[in-house]
Amino acid sequence: MAALPPSLLSPKTRTAPPSSTLTNGTHSSSARSSRRDEETMHFMPIGAGSEVGRSCHILKFKGKTLMLDCGSHPAYNGLGALPFLDEIDPETVDLVLITHFHLDHCASLPYFMEKTTFKGRVFMTHPTKAIFRWMLSDYVRVSSSSADDTPYDEHDLQRAYDRIEVVDFHQQVDVGGVRFTAYNAGHVLGAAMFQIEIAGVRVLYTGDYSREEDRHLMAAEKPRDSVDVLVCESTYGVQNHTPRGEREARFTSLVHQIVARGGRCLVPIFALGRTQELLLILDEYWSEHPELQHIPIYYASNLARKCMAVYQTYMNMMNGNIRRQFAVKNPFAFKFIQYLRSMASFDDVGPCVMLAAPAMLQSGLSRELLEMWCPDKKNGLIIPGYVVEGTLGKHMLTEPSEISSYSGNRLPVRCSIDYISFSAHVDYMQNRDFINLIHPSHLILVHGETNMMTRLKNALLATWASDEYELPPKVHAPKNAETVALHFKGEKFAKALGMLAVLVDAATRPLAAAPLAIEEGGSATVVADDGIQGEDASESVTAVTAGPDAMEVTPSDIAEPAGEVLDAPIPAVPTTTIVQGLVVSKDFHYHLLAVDELREFTDLRPATIHMRQYVPLESATWDLVIWHLGLVYPETLVVSEVDLAPTAPIGGSGGIKPASPPPDADRATAKVATQMNRRAVVDEIVTITMPASQRELLVEWIGNPVNDVLADAVMAVLLHVESSPVSVKMTSSGQSKKCGHGHDDHETQADNSDLDSHKDENPALVTVEVVARKVKSQLVEFLRSSFDYVDDQPSADADAPTTPVSPIVVRLDGCDCVIDLVQMKITCENEGFRNRVRDIVEYVGLSVSEMWMEEWLDQNP
């Protein structure tokens, strides 16, 4: 965070709409293009774009890059299951947010954290992190046995786990200007949707979410704040779920039928998530049907007991129903459910119900049991949730006559196959209602097959068109690696604090009965707009409070400034007030402050930069230096002598150390301190000091953009002192001696000697014509460097000795100044303009011929 001194230029004003503000200065087209790029948000899925699986999305805005989820694809193994990470530079990612612990949303995270150049931060909720460790440990074990190119190992997982940070629901976290809040998503325990705010633009990423409360989880909640961009799933497209009661009844009925006919019922599930819902349903059903209680229900998962402890720990994150049960007894201490660690402890005799992972039947225990049981028609397969395209689970829904076993053999399929959706994803109606409730400006659909996403998009657009929906969202359905660019108006809001807020408050009090205008400034919102140049910058901003066409704010809308400043006396402020201060920027938040209050409201400390430059002199004298400075700054040059060593430049604050002596060994002697030092000040800004007995100049000024320009101009004059022809003539004292600088002064002297040698000839020809022509050739060039319009009225044979020397016309703001070098006079109506031109003529004339200069001064005293 940095602060710059206030600009010395008055801010330009323009007519602005009610919500607009004034801007400082103008910007080039390239600057506008750069600003437009900064105001464009880019969203790119590198997983789960027109597919389900390996959810991973990249969000870029205002120089910040976020990754939303980092999962693997359940239909693929090894490196092929990763998101398309080659589409991004991992080192540029500042922040990763993980919504929940399902593998298709988090399984690639250890690879991204440990196998790439990613150095950012990772956040997830407490339950997600607690279960994440066990889920991915099991994933590593299964992957290493089924794929040769395992993305990471247990050591990578542990190192990644140690770097993960946790966040609570509704906790607001700020990371480098990115502010995000986690809200309950209702999908699984700890599942979160993240509301992200960058520079005032809010994005809501739902991840997987459910708007229906079930036996143990609450429904997804709506964030409190408005949302500009909604990124939501489209898993079920336009499909609608049957009511929960009907689904539970059908599920228990199918299970009952299978075990009643002596069969084995296989229910492939995720290790955690919907499984807990199904266990609660089965345990309750078995308690109500004594005739089934001799038939075992197995929960086959290595993670079962470990992760069930997490469910019991975070009971407070579940719904009221489960919390009320927990007050009496632990609802997850099942009476009729047995945990099965491996097939070695399973006695496959008689009917049973088996809940086994994984849900997609790609590998593991569920795949092994399917191959054992599918040939028997008494057995049954119940798929209780969404299955991804390309998996065996999806293939089983087509009721194939045979399948390939893991060993490559063909197996007949005679068992019954049923599908009941207990998936905790929103259906069409729930998704549509939530989108309407959020009412975003832009809607981005992800996590859905292409057909589902397209049908959902068309259905939403058709619904909004038929209902005459006011300002419907713009719907985007990108594929993987396709970028959605969203432009947002670049307004920056600054909040006035301290005495500046008091000034604005005082300005509004007399207008309490009428609307008042606050375009910038005050505790009310201030729009700094383009006047603020990027992050961590400060510059002057002008606040205006007046006018019926500006934004209407009443005194009740103005918040009190921080601290006790309102207890201070309120200064008398006219109806129209201009308030100036520093705009301090940090992480896209702006505050308007008085310089004296920086210490109170920020970590900044005001400081003055004192600039110092040494200019060595070889032969030029102090009088020659002053003569040159006087030509350029005749009105603002002040010359004095001081008997102290040079200290701070004019306008500086106290406590500045004296100027360091130049590097000569004997410079800092007591003798120097007692002798007179010569000093000159230009425009009360730049100080030029020549210490006694030293052949150098010390130039000092207070550094800021305006002072630096003046200092550069003064330095140009000083560096020109010894190289100018007049300096050579004045320092040579008429002797043909060699100068100490590199200029060929003998040639210059020879030119002037040639001119002066004509003294014995006809003065009318030599003095007026020859010398005037020489003066004119140099004067015209000098004038054109200082004025836009210079007419030397040249003729075709202007260089011929007999051609008359024509006058020179210089024009400034419509005023003409005519220079006649032959008659040696200047004609001009404006006295100031005339004196300025006369100084330039004398400067050039002296460098050409002293004889001509003497005559000029005689005629122009």
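In which helix do Glu842 and Arg838 both lie, and how many residues apart are they? Both lie in helix H22, 4 residues apart, about one turn of the helix. Helices (H or I, at least four residues) and strands (E, at least two) are DSSP runs, numbered from the N terminus.

The model is predicted: local features need pLDDT of at least 70, side-chain atom pairs count only at pLDDT 80 or more, and totals for chains, interfaces and linings use all residues. Residues are numbered from 1 along each chain as its sequence is written, and side-chain values use heavy atoms, with hydrogens and water left out.

Glu842 forms a salt bridge with Arg838 (a side-chain nitrogen of Lys or Arg within 4 Å of a carboxyl oxygen of Asp or Glu). The closest N and O atoms are 2.7 Å apart. Glu842 is buried at 16% relative accessibility. Arg838 is buried too, at 18%. Buried means under 20% relative accessible area, exposed over 50%, and partly exposed in between (1.4 Å probe, protein chains only).

Both residues also take part in the packing of H22 (residues 831-848) on helix H23 (residues 850-859). The two helices pack at an angle of about 145°, with their axes 6 Å apart. Axes are lines fitted to C-alpha atoms, for helices over the stretch in contact; angles run from 0 to 180 degrees between N-to-C directions. Contact means heavy atoms within 4.5 Å. On the H23 side, the residues met include Trp852 and Trp856.

The whole structure holds 21 salt bridges. One of them joins Arg215 and Glu284 (2.8 Å, N to O). This pair links distant parts of the chain, 69 residues apart. Arg215 sits in the loop between E10 and E11, and Glu284 in helix H7 (residues 274-288). Arg215 is buried at 16%, whereas Glu284 is partly exposed at 34%. Arg141 and Asp138 also meet in a salt bridge (2.4 Å, N to O). They are 3 residues apart in helix H4 (residues 126-146).

An open, mixed sheet is built from 7 strands, in the order E7-E8-E9-E10-E11-E20-E21. Two strands pair if DSSP finds at least two bridges between them. Strands E7 (172-175) and E21 (474-476) each have a single partner strand, so one side of each is left without a neighbour in the sheet. Neighbouring strands are turned by 20° against each other on average, direction ignored. E7 runs antiparallel to E8 (residues 178-184), joined by 4 bridges.
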